Amino acid sequence: MKKKRVMLLGNHAFVIYNFRKELIQQLLKDGYEVYLSMPYDKDKVPMMIKWGCNFIETNVDRRGTNPFRDLKLIKHYLKILKKYKPDVVLTYTIKPNLYGGIACRINKIPYINNITGLGSGFNKKGLLKNLIKLLYTVALKDSSKVFFQNEHDKKVLIDEKIITKNFEVLPGSGVNLKEYLYHEMPSYSVTKFIFVGRIMKDKGIHEFLEAAVKSKSKYGDNIEFNVVGFVEPTEIHLSKKIEDLNSNKVVKYHGYQNDVKHYIQNVHCLIQPSHGGEGLSNVLLEAGAMGRILLASKIPGCQETIEVGKNGYVFDKKNVNSLCESIDKLMNLDIQKLDEMSLYSRYKINKEFDRNIIIERYLKEIQNLTLLNHHERKII
């Protein structure tokens, strides 16, 4: 009997590996053929091929707005769907959701979307927003299931009349609790904070760096700020700013790291100062699972991970003073309270964001769709 085929469309191999590897491995174990369409990555792609996945190199201009490149991506999706004839397609992130969804509709192939954030373009006004709304409407119209990562994004697409059925909110991408184990807090001789993520304006790096300058002048050597991540090519000017602050010992810059667990383990608190567009912040889930206190912007996709005063604090987005006030709250807590917050972070993530919840929901949808397809083929 011919194996059923599942194809995943993504914009980055690192992201698919980090957040979908358990689902991919389960699909392979259950006897599915798995096809991965994404840009090549010398670290992650060979590993997934070794598991038994089929790789289709697909260049995705993640942040670009060149319509010719996007048309080329749609043509590519149409071509590979026609060639490999998957039984179901899973799409992640904005462009695979939009252009992959359109290509699946044209080829009449069942597809499941995962809205990992609507993107900053959706919050703007005018022609760009209207174009994005139109693309979402066309792409999601025949979706077998639209998974959201937060209630806000679901409400936006319902209010805009883009979706009317077949949707559900998942607890983000979840976190692998066996991989991200609890670790006791490091020594409290210096209180340590960290930013982990792509270094770009929308992720709130400016606010983080300004807060670091202010807090260092206030607390001196009793406080430490760390930065892990790569500077987005479109915002390369940030490199010099970070290098200067690193030279002046305001922040410690560790560059891009394949595995951030060691860096999170060595701090007390993770700061996520994002401006918006998050599905549900993976780095907050990972840091929380490791028992770290969380400070994050009061926005959808971040605030869900925090119970104020129990495992962290939220602050106003784009507001350095509000972020500094949250840092001050932590600096004024005693060790017993900080340890309690650390334990509560692990408890909350364990209870609400276990990745197994997401895997089970996906497997159920895939099984329903592939059985349906098999039955339909028999009738024909």
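1. Let me start with helix α8 and its packing. The buried residues of α8 rest against α7 (205-219) and β10. This is a predicted model, so please read every point below with that in mind. In α8 (residues 238-247), the buried positions are L238, S239, I242 and L245. These cover an arc of only 135° around the axis, which puts them on the same side of α8. On the face turned away from that buried side you will find the exposed residues K240 and S247. After the helix comes K249, with a positive phi near 60°.

2. Next, the sheet to which β10 belongs. Six strands make an open sheet in the order β10-β9-β8-β11-β12-β13, and the pairing is parallel. β10 (252-253) and β13 (312-315) are the edge strands; each has a single partner strand, so one side of each is left without a neighbour in the sheet. Within this sheet, β11 (residues 269-272) and β12 (residues 293-297) pair in the parallel sense over four bridges. If you want a landmark for that pairing, Q272 stands opposite A296 in β12.

3. Two helices on this sheet deserve a look. Helix α10 (residues 282-289) packs on it and touches β8 (191-196), β11 and β12, with a direction that makes about 170° with that of β11. Helix α11 (residues 320-331) also packs on the sheet, where it touches β8, β9 (223-228), β11, β12 and β13; its direction makes about 165° with that of β13.

4. Now to the other sheet. This open sheet has seven strands in the order β3-β2-β1-β4-β5-β6-β7, again with parallel pairing. Its edges are β3 and β7 (167-169), each with a single partner strand, so one side of each lacks a neighbour in the sheet. On average, neighbouring strands here are turned by 20° against each other, direction ignored.

5. Five bridges join β2 to strand β1 (residues 5-9), and the two run parallel. V6 has V34 in β2 as its bridge partner. From β1 the chain crosses through helix α1 (residues 13-29) to β2, and this β-α-β crossover is right-handed.

6. The chain gets from β2 to β3 through helix α2 (residues 44-51), in a β-α-β crossover that is right-handed.

7. Leaving aside neighbours within four places in sequence, I16 is in contact with L8, G10, K21, I24, M38, M48 and Y92. I16 and M48 are 32 residues apart in sequence, with a C-alpha to C-alpha distance of 9.9 Å.

8. Further along the seven-stranded sheet, β5 (residues 111-115) and β6 (residues 145-148) pair in the parallel sense over four bridges. There, I112 has K145 in β6 as its bridge partner. Helix α5 (residues 127-140) lies across β5 and β6 and runs at about 145° to β5.

9. Finally, the aromatics. A search of the whole structure finds 11 aromatic pairs. In one of them, the rings of Y35 and Y84 have centres 5.0 Å apart and planes at 45°, so the pair is tilted. Y35 sits in strand β2 and Y84 in helix α3 (residues 67-84), so this pair ties together parts that are 49 residues apart in sequence. Y35 is buried, with a relative accessible area of 7%.

10. The rings of F230 and Y256 have centres 6.0 Å apart and planes at 65°, so this pair is edge-to-face. F230 lies in the loop between β9 and α8, and Y256 in the loop between β10 and α9 (261-265), so the pair ties together parts 26 residues apart in sequence. F230 is partly exposed, with a relative accessible area of 26%; Y256, at 40% relative accessibility, also counts as partly exposed. Please look as well at F193, F195, F208 and F225, which form one aromatic cluster.

Key: Residues are numbered from 1 along each chain as its sequence is written. This is a predicted model: local features need pLDDT of at least 70, side-chain atom pairs count only at pLDDT 80 or more; totals for chains, interfaces and linings use all residues. Side-chain values use heavy atoms; hydrogens and water are left out. Two strands pair if DSSP finds at least two bridges between them. A crossover is right-handed if, with the strands pointing away from the viewer, the path from the first strand over the helix to the second runs clockwise. Contact means heavy atoms within 4.5 Å. Axes are lines fitted to C-alpha atoms, for helices over the stretch in contact, and angles run from 0 to 180 degrees between N-to-C directions. Buried means under 20% relative accessible area, exposed over 50%, partly exposed in between (1.4 Å probe, protein chains only). The arc is that of the directions from the helix axis to the C-beta atoms. Rings of Phe, Tyr and Trp (its six-membered ring) pair if their centres lie within 6.5 Å; planes under 30 degrees apart count as stacked, over 60 as edge-to-face and the rest as tilted.
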